[in-house]
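Dear colleague,

Please find below the structure that I promised to hand over to you. My notes on it follow directly after it.

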Amino acid sequence: MDGIKIKNGGALTTIQDKGRYGAQQTGFGPCGVMDEKSFHIANALLGNKENEAMLEATLLGPEVEFTGENNFVITGADMGAMLDGVPIEGYRVWKAEKGSVLKLRFAKNGVRAYLAFAGGLDVPEVMGSKSTGLKIKMGGLNGRKLEAGDEIAFVRPALKLSHLERRRMTPFDYQKKEWNIRVVLGFQKDYFTGEGINAFFTTPYTILQDSDRMGYRLEGEPVTCRKTVDIISDATVPGAIQIPANGKPIILMADRQTTGGYAKLGAVISADLPLLAQAGPGNKIRFEQVSVEEAQSALRIERKELKKLERRINRWL
Amino acid sequence: MEEISILTAGDSAVTIEFADKISPDINRKVAAFAKALVRENIRGVLEYVPTFRSVTVFYDPLIVSYGKLCRSLQRIMENLEVTSAEKKRIYTIPVCYEEPFAPDMHTVMAHTGLDRESIIKLHSGRDYLIYMLGFLPGFPYLGGMDERLETPRLASPRTKIEAGSVGIGGSQTGIYPLDSPGGWQLIGKTPVRIYDERRKDPIFYRAGDYIRFVPIGEEKYREIRKQCDTGTYRCEVTES
């Protein structure tokens, strides 16, 4: 079987694509990659289909043996990757031979690395997606994180990619003293006091250790409510900022619940969710308020940039 | 329909809120709106989540503009037809309200001023309408809990609640179908596997069905649990 064999799963490595959509009304959240930008770039660099599934590694990367040759790319966090003991850069295409070992280590710039293989990974689609749902134990490889001994086949390895020199770009720098994350206020903002909202937008918040793919828990000035934060449960959106009674914000991420009973102050804008996905425990965030129009225009710019990258690569093919 | 509002929920979703209360009448409007939304098939609308008293519509702002989407949704509301309820399907769910399955029973007792027996009697004494599924696959938000049982959620949610736990959150009650973080006050646990991937239909009930809780002792809990493990247990279903 041509594919990969996991020698060490690292801290949390899962198979993800863009996510499982269409069943939120029965309670199935989308899951999918946390950092959609790095995901798209990885597939673009390899000339893969836009939604080809790949590995998402968290904080401590996996060690992977190639059981067949193939081209691959690493985007997102820098985990000090070594191919057969030799350090390799991210954001460019590398070819691994059969028997080659790729080792990712601790993340030193960002927290999530994306390891994509030309032609994609052969795992069954569950409800239209290859994404791993850890909480619901479905999708990806048996609904769980990857462990030593797991084997995954390539769908159709692409061994000869042309113009390798053009299939690269400058990695992003995620080493920031403070992260600026833009937020759109939501229709439940009136559950909170003016001081609470003011604190949210003017003081820094720290990402706590027990943050995960489901939600980022924040420490900082409490966002005080007027009377209560209990609402009649309603739907959540990606990046929704829930405030429980203790006033400590929780940002809902890829593995979020589809509905929730805490009032929502607003939501992180779609264009900034990939960036937030690269912030980890201990990092400080400052929130900036923007309008829905500004948020949508930022998303438009992000998508344009990506299209530009795809064109730059494909023009030469 | 003038009380209905279209609200922005982030940059890629809007919420249509029919009222700020739980009532079967409001919920029927939600169902009717959802049905019309599917029929209308608006370009750029990705999916929707119906809840107690609102529908959240997810869209791609680069395909359909906010203004155009709102006009389409407005049109749906103007032509909304609400149908009356059809026949009731009731699922019987056994629940053990005893320790160690009821870690927050004392909180609920203290808050409501009721004793354990009264709480069990009030909680299991009626049929609950499944207003919506959400939060987790198959998590039923149940309407119609006795007001005397109302207890606020935990100030700081638990990081793990076991599958099958039955709880109270404000004026609502429900079951956790999977292990999950959560903020509800736990007063019991069912041995039934609400979510079971071995079944053809991993979630056996739907929004619009009813649930009836039946109190069981710890011994009965273990007995039913065994049957659930081997896949031989079926919840009792009655139609009326």
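Between domain 1 of chain B and domain 2 of chain B, about 600 Å² of area is buried in this predicted model. Carbon and sulfur atoms give 73% of that area. On the domain 1 side of chain B, the residues that lose the most area to domain 2 are B:Ile22, B:Asn27 and B:Phe52. Together, these three make up 72% of what that side buries.

The domain assignment of chain B places domain 1 at residues 5–78 and domain 2 at residues 89–239. Taken over C-alpha atoms, the centres of these two domains of chain B are separated by 29 Å. Seven residues of domain 1 are in contact with eight residues of domain 2 in chain B.

How many salt bridges are there between domain 1 of chain B and domain 2 of chain B? The count is zero. One residue pair in polar contact is found across this interface of chain B. On the side of domain 1 that touches domain 2 in chain B, four residues are nonpolar, three are polar and none is charged.

I also looked at one residue of chain A. A:Glu288 lies in strand 21 of chain A, which covers residues 284–289. Leaving aside residues up to four places away in sequence, A:Glu288 touches A:Asn180, A:Ile181, A:Arg182, A:Val183 and A:Phe201. By contrast, A:Lys135 is 153 residues from A:Glu288 in sequence and 31 Å from it in space, C-alpha to C-alpha.

With kind regards

Terms used: Residues are numbered from 1 along each chain as its sequence is written. Chains are lettered from A and ligands numbered from 1 in the order in which they are written. This is a predicted model: local features need pLDDT of at least 70, side-chain atom pairs count only at pLDDT 80 or more; totals for chains, interfaces and linings use all residues. Side-chain values use heavy atoms; hydrogens and water are left out. Domain bounds come from an automatic or database domain assignment. Contact means heavy atoms within 4.5 Å. Buried area is the accessible area (1.4 Å probe) that two parts lose on being put together, summed over both. A salt bridge is a side-chain nitrogen of Lys or Arg within 4 Å of a carboxyl oxygen of Asp or Glu. A polar contact is a pair of N or O atoms within 3.5 Å; within protein, one must be able to donate a hydrogen and the other to accept it, and residues adjacent in sequence count only if both atoms are side-chain atoms. Ala, Val, Leu, Ile, Met, Phe, Trp, Tyr, Cys and Pro count as nonpolar, Asp, Glu, Lys and Arg as charged, and the others, Gly among them, as polar. Helices (H or I, at least four residues) and strands (E, at least two) are DSSP runs, numbered from the N terminus.
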